[in-house]
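I hope they are handy to read with the model open beside you.

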Amino acid sequence: MTRKTIKVDYLMRVEGEGGLKVVIRDGRVRSAELRIFEPPRFFEALLRGRAFAEAPDITARICGICPVAYQMSAVHAIENALGIAVTGPLRELRRLLYCGEWIESHTLHIYMLHAPDFLGYPGAVEMARDHADIVRRGLSLKKAGNEIMALLGGREIHPINVRVGGFYRTPRRRELETLAERLKWAREAAIETVRWTAGFDFPARERDYTFVALRHAREYPFNEGHIVSNRGLDITAAQYDEHFEETHVARSTALYSRLRGGGTYLVGPLARYSLNYDRLSPLAQEMAREAGLGPSCANPYRSILVRAIEVLYACDEALRLIAAYQEPEFPAVAVEPRAGTGFAATEAPRGLLYHRYRLLPDGTIADARIVPPTAQNQACIEEDLASFIGGFLSLPEEALRQRCEQTVRNYDPCISCAAHFLRLEIDRG
Amino acid sequence: MAGQRRIVIGIGNPNRGDDAAGPAVVRRLRGALPGDTELVEHSGEATALLGLLAGATAAFLVDACASGAPAGTIHRRDLHEGDLPPAAAMLSSHGLGLAAALALARALNQLPPRCIVYAIEGQSFDWGTSLSPPVANAVDAVASRLRAELSETGGVPCTRPC
């Protein structure tokens, strides 16, 4: 082959910054490397020596897109260490808050970051010129999610109302009822979003993934459940470290997660959906069938459609929670510090987010560990590129480069939990 | 003034060194502007910014940037004279950020009738809460210029139909 190198300085439309290099030799993909730089490690150090009560607000700063996920994993892990269970309306409010984050985060990714790949636009701005009404619908749908976060979280970005044991302030019934009308509109917009994305042209590519997600006895998972896989894994968060390991790879400041002895695995919408289809609301299941999805999905390009189903579910679930809401007597349960180690995993929009805290007797954090979903998916993203891109090598260079970016964006990688520009380099030798 | 909505938005992460320039300008302006001017510190996330701009008749946005000019250099751009340079999208540290928000506002025909961006050239975007000295000076200068612009345009004469 002739020597050829394609470089894209910055891969846009991912959350944050990182790097990607694809090496092609003799018409085959030899390697695909994703490099990301990962502040959660910095935050682990920052948490040491701080009071446990500070953890939700500190970890919310890790990500501007999914602060609720960081707060939820933090409070659940610390409550686990302190032997507290948050139940009843406080538990349901946490679920509602998570609905808000899924709606805003998924909708941002569907409309602003990923759809342009399927419709042949370089970005959302160009798409907006031709499809202004669709983009406006996406912005309004996202805003409905932000409004839930603003009401329950105290503000839209970096919510400040979440605490270990519950909330600082809980909403009145009538406050939630004001959200309901807006969410009824949002649910219709979510149905339209499913129909819109179902019409996209999806590359026919599947892999035999090991899916890992939470699974709960009754609910589609947000905050609680066992960590399960489609290969028979079924553990509690406290057993996470026994079953998963992280290894350092020189090219990346992020650690690579693997199942001990079991290789790479996938977290996020495809895994959640495939392991929990039977826990979706009837409406979400019905729309999934209408959109041509079966009870599981192993085509990562269809993740945009699965996200749309999850947005619909989140709107539906939010309305259910609001209708059933009873104002709690107290905004939080009593919390007493004690020594102990606590574990939790919750479902960030991008996938499983694991936290572990070791507390001293006075409640000071002695040690913290945070494993974000994008670090867990990193190896899977590279394997997708290595598996799929070989089939696209006949594409013109610009289209090939765009296909690489689309393949990374299937994961909605939260590299901003993270860092800075994602540079894409295709080296053809 | 009836029908007028003026907003000053300082964009940046207060914990990332000179990225805090935008929020710092907003803090300098608190109490120093007519009461009807909204002052907002913002992360720069594009869709939320778009929501803030909706319905504004005059918007002044302040962000840090890194175009290669000396630290503390002040850039001023009138959005009705053209989009921000494409590179600005990447040099702001907010992913889909200010430049995308303004380009989207234009594509959706939602750009405020008056829309001015001040960008302050940063030196260090490392974790920490202090501004480098040239950027701290530039923050004072931009705050003064905004006070002047906002008093000049107290009535915000519309430069285009609104």
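**Notes on the predicted model**

1. Is Val371(A) buried or exposed? Val371(A) counts as buried, because it has 21 C-beta neighbours inside 10 Å, and the cut-off for that class is 20 or more. Setting aside neighbours within four places in sequence, Val371(A) is in contact with Glu246(A), Ser257(A), Tyr354(A) and Gln376(A). Phe244(A) is 127 residues away from Val371(A) along the chain, and their C-alpha atoms are separated by 10 Å.

2. Ala324(A) counts as exposed because it has 9 C-beta neighbours inside 10 Å, where the exposed class takes 12 or fewer. In sequence, Ala324(A) and Glu92(A) are 232 residues apart, yet the C-alpha to C-alpha distance between them is 9.2 Å.

3. Next, a sheet in chain A. Three strands form an open sheet in the order E6-E7-E8, and their pairing is antiparallel. Which strands stand at the edges? They are E6 (212-215) and E8 (234-235) of chain A; each has a single partner strand, so one side of each is left without a neighbour in the sheet. Strand E7 of chain A, residues 226-229, pairs with E8(A) in the antiparallel sense over 2 bridges. Opposite Val228(A) stands Asp234(A) of E8(A).

4. Helix H9 of chain A, residues 269-276, lies across E6 and E7 of chain A and runs at about 50° to E6(A). How many residues of H9(A) are buried? The count is 8 of the 8, so H9(A) is largely enclosed by the rest of the structure. Among these buried residues are Arg272(A), Ser274(A) and Asn276(A), as well as Leu270(A) and Tyr273(A). The buried residues of H9(A) pack against E6, E7, helix H11 (303-324), strand E11 (340-348) and strand E12 (351-359) of chain A.

5. H9(A) passes H11(A) in a left-handed crossing. From H9(A), the residues Pro269(A), Leu270(A) and Tyr273(A) meet Ser303(A), Val306(A), Arg307(A), Ile309(A) and Glu310(A) of H11(A). By class, this contact of H9(A) with H11(A) divides into 5 nonpolar, 1 polar and 2 charged residues.

6. Helix H4 of chain A meets two other helices discussed here, and I take H6(A) to start. The axes of H4(A) and helix H6 of chain A (residues 132-153) come within 8 Å and cross at roughly 155°. H4(A) and H6(A) are therefore roughly antiparallel to each other, since angles over 145 degrees fall in that class. The crossing of H4(A) past H6(A) is left-handed. The contact of H4(A) with H6(A) has 15 nonpolar, 6 polar and 3 charged residues.

7. Now the other partner. Helix H4 (residues 88-119) and helix H13 (residues 397-409), both of chain A, have axes that come within 10 Å and cross at roughly 140°. That angle makes H4(A) oblique to H13(A). H4(A) passes H13(A) in a left-handed crossing. Which residues meet here? Leu113(A), His114(A) and Asp117(A) of H4(A) meet Gln402(A), Gln406(A) and Arg409(A) of H13(A). Sorted by class, the contact of H4(A) with H13(A) has 1 nonpolar, 3 polar and 2 charged residues.

8. A last point on chain B. Chain B has 5 helices and 5 strands, and along the sequence they follow the pattern β-α-β-α-β-β-α-α-β-α. Buried residues make up 45% of the 162 residues in chain B. Of the contacts in chain B between residues at least 6 apart in sequence, 77% join residues at least 24 apart.

Key. Residues numbered from 1 in each chain as written. Chains lettered and ligands numbered in written order. Predicted model: local features only at pLDDT ≥ 70, side-chain atom pairs only at ≥ 80, totals over all residues. Axes fitted to C-alpha atoms, helices over the stretch in contact; angles between N-to-C directions. Helix = DSSP H or I, 4+ residues; strand = E, 2+ residues; numbered from the N terminus. Parallel < 35°, antiparallel > 145°, perpendicular 65-115°, else oblique. Left-handed = near helix turned anticlockwise from the far one by under 90°. Contact = placed C-beta atoms within 7 Å. Nonpolar A, V, L, I, M, F, W, Y, C, P; charged D, E, K, R; others polar. Pairing = 2+ DSSP bridges.
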